[in-house]
Amino acid sequence: MIRILRQIFRTGIVTEPLPSGGAEIEEIGAHLEETIRRRFSRSLTIRQVDAGSCNGCELEIHAINNSIYNCERFGIHFTASPRFADMLLVTGPVTHNMEIALRRTYVSTPPPKLVVAVGDCGCNGGIFGESYASLGGIHKVIPVDACIRGCPPTPADLLNGILKAVKG
Ligand code: SF4
(Lines give C-alpha, C1' and ligand atoms only; values in the text may rest on other atoms or scores of the structure.)
Protein backbone atom coordinates (compact mmCIF):
# COMPACT_ATOMS: atom_id res chain seq x y z
CA MET A 1 0.00 0.00 0.00
CA ILE A 2 2.79 2.42 0.97
CA ARG A 3 4.56 1.56 -2.27
CA ILE A 4 1.45 2.39 -4.29
CA LEU A 5 0.94 5.71 -2.48
CA ARG A 6 4.61 6.60 -3.04
CA GLN A 7 4.24 5.81 -6.73
CA ILE A 8 1.08 7.98 -6.95
CA PHE A 9 2.81 10.99 -5.35
CA ARG A 10 5.99 10.50 -7.38
CA THR A 11 4.08 10.29 -10.69
CA GLY A 12 1.68 13.20 -10.07
CA ILE A 13 -1.03 14.18 -12.59
CA VAL A 14 -0.09 13.05 -16.08
CA THR A 15 -3.07 14.41 -18.04
CA GLU A 16 -1.83 15.80 -21.34
CA PRO A 17 -2.64 19.35 -22.43
CA LEU A 18 -5.77 19.64 -24.58
CA PRO A 19 -5.33 20.13 -28.34
CA SER A 20 -6.92 23.19 -29.99
CA GLY A 21 -10.51 23.66 -28.84
CA GLY A 22 -9.42 23.05 -25.27
CA ALA A 23 -11.11 26.19 -23.98
CA GLU A 24 -14.50 24.89 -25.17
CA ILE A 25 -13.96 21.54 -23.42
CA GLU A 26 -12.91 23.30 -20.21
CA GLU A 27 -16.03 25.48 -20.31
CA ILE A 28 -18.39 22.54 -20.92
CA GLY A 29 -16.50 20.57 -18.27
CA ALA A 30 -16.92 23.28 -15.66
CA HIS A 31 -20.70 23.34 -16.28
CA LEU A 32 -20.79 19.55 -16.17
CA GLU A 33 -18.87 19.38 -12.91
CA GLU A 34 -21.18 21.90 -11.29
CA THR A 35 -24.38 20.22 -12.55
CA ILE A 36 -23.18 16.73 -11.63
CA ARG A 37 -22.22 17.91 -8.14
CA ARG A 38 -25.66 19.42 -7.65
CA ARG A 39 -27.85 16.72 -9.21
CA PHE A 40 -25.85 13.50 -8.77
CA SER A 41 -23.82 14.08 -5.58
CA ARG A 42 -20.58 14.61 -7.55
CA SER A 43 -20.59 11.50 -9.69
CA LEU A 44 -22.46 10.55 -12.88
CA THR A 45 -22.07 6.88 -13.76
CA ILE A 46 -22.60 5.85 -17.36
CA ARG A 47 -23.16 2.45 -18.93
CA GLN A 48 -22.33 2.57 -22.62
CA VAL A 49 -24.25 0.23 -24.90
CA ASP A 50 -23.34 -0.51 -28.50
CA ALA A 51 -26.67 -1.56 -29.98
CA GLY A 52 -25.22 -2.08 -33.46
CA SER A 53 -23.01 0.86 -34.44
CA CYS A 54 -20.08 0.84 -36.87
CA ASN A 55 -17.84 1.65 -33.84
CA GLY A 56 -17.07 5.17 -35.07
CA CYS A 57 -19.15 6.60 -32.23
CA GLU A 58 -17.39 4.30 -29.74
CA LEU A 59 -13.99 5.69 -30.76
CA GLU A 60 -15.19 9.18 -29.83
CA ILE A 61 -16.72 7.93 -26.57
CA HIS A 62 -13.38 6.28 -25.73
CA ALA A 63 -11.71 9.61 -26.48
CA ILE A 64 -13.63 11.48 -23.76
CA ASN A 65 -12.15 8.96 -21.34
CA ASN A 66 -8.54 9.25 -22.51
CA SER A 67 -5.77 11.26 -20.89
CA ILE A 68 -6.43 14.29 -23.13
CA TYR A 69 -10.15 14.87 -22.47
CA ASN A 70 -10.19 12.97 -19.17
CA CYS A 71 -13.91 13.18 -18.37
CA GLU A 72 -13.32 11.65 -14.91
CA ARG A 73 -12.13 15.04 -13.67
CA PHE A 74 -15.65 16.39 -14.35
CA GLY A 75 -17.25 13.57 -12.33
CA ILE A 76 -18.14 11.23 -15.22
CA HIS A 77 -17.38 7.55 -14.72
CA PHE A 78 -18.11 4.54 -16.92
CA THR A 79 -19.32 1.26 -15.45
CA ALA A 80 -19.55 -2.25 -16.85
CA SER A 81 -22.87 -2.89 -15.09
CA PRO A 82 -26.21 -1.17 -15.74
CA ARG A 83 -27.11 -1.78 -12.08
CA PHE A 84 -24.69 0.98 -11.05
CA ALA A 85 -25.60 3.38 -13.88
CA ASP A 86 -27.38 6.74 -13.79
CA MET A 87 -27.29 7.05 -17.57
CA LEU A 88 -27.27 4.77 -20.61
CA LEU A 89 -25.24 6.15 -23.50
CA VAL A 90 -26.47 4.14 -26.48
CA THR A 91 -25.09 4.03 -30.00
CA GLY A 92 -27.13 2.56 -32.81
CA PRO A 93 -28.87 1.70 -34.96
CA VAL A 94 -30.50 -1.08 -32.95
CA THR A 95 -29.90 -4.33 -34.75
CA HIS A 96 -32.41 -7.15 -34.36
CA ASN A 97 -29.69 -9.15 -32.60
CA MET A 98 -29.21 -6.44 -29.97
CA GLU A 99 -32.87 -5.62 -29.32
CA ILE A 100 -33.38 -7.99 -26.37
CA ALA A 101 -29.99 -7.10 -24.82
CA LEU A 102 -30.86 -3.40 -25.00
CA ARG A 103 -34.29 -3.95 -23.43
CA ARG A 104 -32.72 -6.02 -20.62
CA THR A 105 -30.05 -3.39 -19.99
CA TYR A 106 -32.75 -0.72 -19.74
CA VAL A 107 -34.80 -2.78 -17.28
CA SER A 108 -31.66 -3.51 -15.20
CA THR A 109 -30.80 0.17 -14.80
CA PRO A 110 -32.29 1.59 -11.61
CA PRO A 111 -34.66 4.60 -11.86
CA PRO A 112 -34.43 7.49 -12.27
CA LYS A 113 -32.39 6.77 -15.37
CA LEU A 114 -31.41 8.86 -18.32
CA VAL A 115 -31.08 7.44 -21.82
CA VAL A 116 -28.99 9.34 -24.35
CA ALA A 117 -28.93 8.23 -27.99
CA VAL A 118 -25.55 8.86 -29.62
CA GLY A 119 -24.80 9.58 -33.27
CA ASP A 120 -27.09 9.97 -36.26
CA CYS A 121 -27.64 6.21 -36.23
CA GLY A 122 -28.65 6.22 -32.56
CA CYS A 123 -30.98 9.18 -33.10
CA ASN A 124 -32.85 7.99 -36.18
CA GLY A 125 -31.10 5.01 -37.77
CA GLY A 126 -28.69 7.20 -39.79
CA ILE A 127 -27.27 5.71 -42.95
CA PHE A 128 -28.48 2.24 -41.96
CA GLY A 129 -32.11 3.26 -41.48
CA GLU A 130 -34.61 0.48 -41.00
CA SER A 131 -34.08 -2.83 -42.73
CA TYR A 132 -34.22 -6.60 -42.31
CA ALA A 133 -31.26 -6.21 -39.91
CA SER A 134 -31.95 -2.87 -38.26
CA LEU A 135 -34.83 -1.45 -36.23
CA GLY A 136 -33.61 2.16 -36.63
CA GLY A 137 -33.06 4.68 -33.81
CA ILE A 138 -32.82 3.81 -30.11
CA HIS A 139 -36.28 5.34 -29.46
CA LYS A 140 -37.81 2.46 -31.43
CA VAL A 141 -36.87 0.10 -28.58
CA ILE A 142 -36.52 2.10 -25.33
CA PRO A 143 -37.54 5.65 -24.24
CA VAL A 144 -34.88 8.26 -25.06
CA ASP A 145 -34.33 11.46 -23.06
CA ALA A 146 -31.78 13.19 -25.29
CA CYS A 147 -30.02 12.82 -28.65
CA ILE A 148 -26.44 13.69 -29.60
CA ARG A 149 -26.26 14.07 -33.36
CA GLY A 150 -23.20 13.73 -35.58
CA CYS A 151 -21.48 11.01 -37.57
CA PRO A 152 -19.68 10.57 -35.32
CA PRO A 153 -20.19 13.30 -32.70
CA THR A 154 -16.95 14.89 -31.49
CA PRO A 155 -15.83 14.68 -27.84
CA ALA A 156 -17.08 18.26 -27.37
CA ASP A 157 -20.48 17.27 -28.85
CA LEU A 158 -20.63 14.27 -26.51
CA LEU A 159 -19.80 16.25 -23.37
CA ASN A 160 -22.25 18.98 -24.40
CA GLY A 161 -24.99 16.41 -25.04
CA ILE A 162 -24.39 14.75 -21.67
CA LEU A 163 -24.55 18.21 -20.05
CA LYS A 164 -27.89 18.97 -21.72
CA ALA A 165 -29.27 15.59 -20.64
CA VAL A 166 -28.29 16.02 -16.98
CA LYS A 167 -29.64 19.57 -16.92
CA GLY A 168 -33.00 18.17 -18.09
S1 SF4 B 1 -23.41 7.80 -36.51
FE2 SF4 B 1 -21.72 7.46 -37.98
S3 SF4 B 1 -19.99 6.85 -36.68
FE4 SF4 B 1 -21.85 6.59 -35.42
S5 SF4 B 1 -22.48 4.44 -35.72
FE6 SF4 B 1 -23.55 5.67 -37.28
S7 SF4 B 1 -22.24 5.58 -39.13
FE8 SF4 B 1 -20.99 4.95 -37.34
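P93 sits in the loop that runs between β3 and α4. The names come from DSSP: helices are H or I runs of at least four residues, strands are E runs of at least two, and both are numbered from the N terminus. This is a predicted model, where local features need pLDDT of at least 70, side-chain atom pairs count only at pLDDT 80 or more, and totals for chains, interfaces and linings use all residues.

G92 and P93 are joined by a cis peptide bond, with omega about 5°. Now move on to P111 and P112. A cis peptide bond joins this pair as well, and its omega is about 0°. P112 belongs to the loop between α4 and β4.

Next, turn to S41. Its phi is near 55°, which is a positive value in a residue other than glycine. S41 is placed in the loop between α2 and β1. With 64% relative accessibility, S41 counts as exposed. Exposed means over 50% relative accessible area, buried means under 20%, and partly exposed lies in between (1.4 Å probe, protein chains only).

R42 is also in the loop between α2 and β1. Phi of R42 is near 85°, again positive and again in a residue that is not glycine. R42 is exposed, at a relative accessible area of 64%.

## The nonpolar core

Now look inside. The largest nonpolar core holds 28 residues. L32, L44, I76, M87, L89, L159 and I162 have the most contacts within this core. Two or more core residues come from each of these elements: α2 (22-40), β1 (44-50), α3 (56-65), β3 (87-91), β4 (114-118), β5 (146-148) and α6 (155-167). Helix α6 gives the most, with seven residues. A core here is a set of buried Ala, Val, Leu, Ile, Met, Phe, Trp, Tyr and Cys residues, joined through side-chain atoms within 4.5 Å. In soluble globular proteins, nonpolar side chains tend to be buried together.

Take L159 as one example. L159 lies in helix α6. Its relative accessible area is 0%, so L159 is buried. L159 and I76 are 83 residues apart along the chain, yet 9.7 Å separates their C-alpha atoms.

## A nonpolar patch outside

Some nonpolar residues are on the surface. M1, I4, L5, I8 and F9 form a patch there, with about 600 Å² of accessible area together. Such areas come from the Shrake-Rupley method with a 1.4 Å probe, and for residues only the protein chains shown count as cover. Patch members have over 30% relative accessible area and no salt bridge; nonpolar side chains (Val, Leu, Ile, Met, Phe, Trp, Tyr) are joined within 5 Å, and like charges within 9 Å.

L5 belongs to helix α1 (residues 2-11). L5 is partly exposed, at 35% relative accessible area.

## Salt bridges

How many salt bridges does a search of the whole structure find? The count is five. A salt bridge needs a side-chain nitrogen of Lys or Arg within 4 Å of a carboxyl oxygen of Asp or Glu. In one of them, R73 meets E26 at 3.0 Å, N to O. R73 is in the loop between α3 and β2 (76-78) and E26 is in helix α2, so this pair ties together parts that are 47 residues apart in sequence. R73 is partly exposed at 29%, and E26 is partly exposed at 36%.

Another bridge links E99 and R103, whose closest N and O atoms are 2.8 Å apart. These two residues are four apart in helix α4 (residues 99-108), so about one helical turn separates them. R103 is partly exposed, with 37% relative accessibility.

K140 and E130 also form a bridge, with closest N and O atoms 2.3 Å apart. Both K140 and E130 lie in the loop between α5 (119-124) and β5, so the pair ties together parts ten residues apart in sequence. K140 is partly exposed at 42%, whereas E130 is exposed at 57%.

## Aromatic rings

Which residue has its charged end over the ring of Y106? K113 does, at 4.0 Å from the ring centre. To count, NZ of Lys or CZ of Arg must be within 6 Å of the ring centre and within 35 degrees of the ring normal.

The structure holds zero aromatic pairs. A pair would need rings of Phe, Tyr or Trp (its six-membered ring) with centres within 6.5 Å; planes under 30 degrees apart count as stacked, over 60 as edge-to-face and the rest as tilted.

Technical notes: Residues numbered from 1 in each chain as written. Heavy atoms only, no water.
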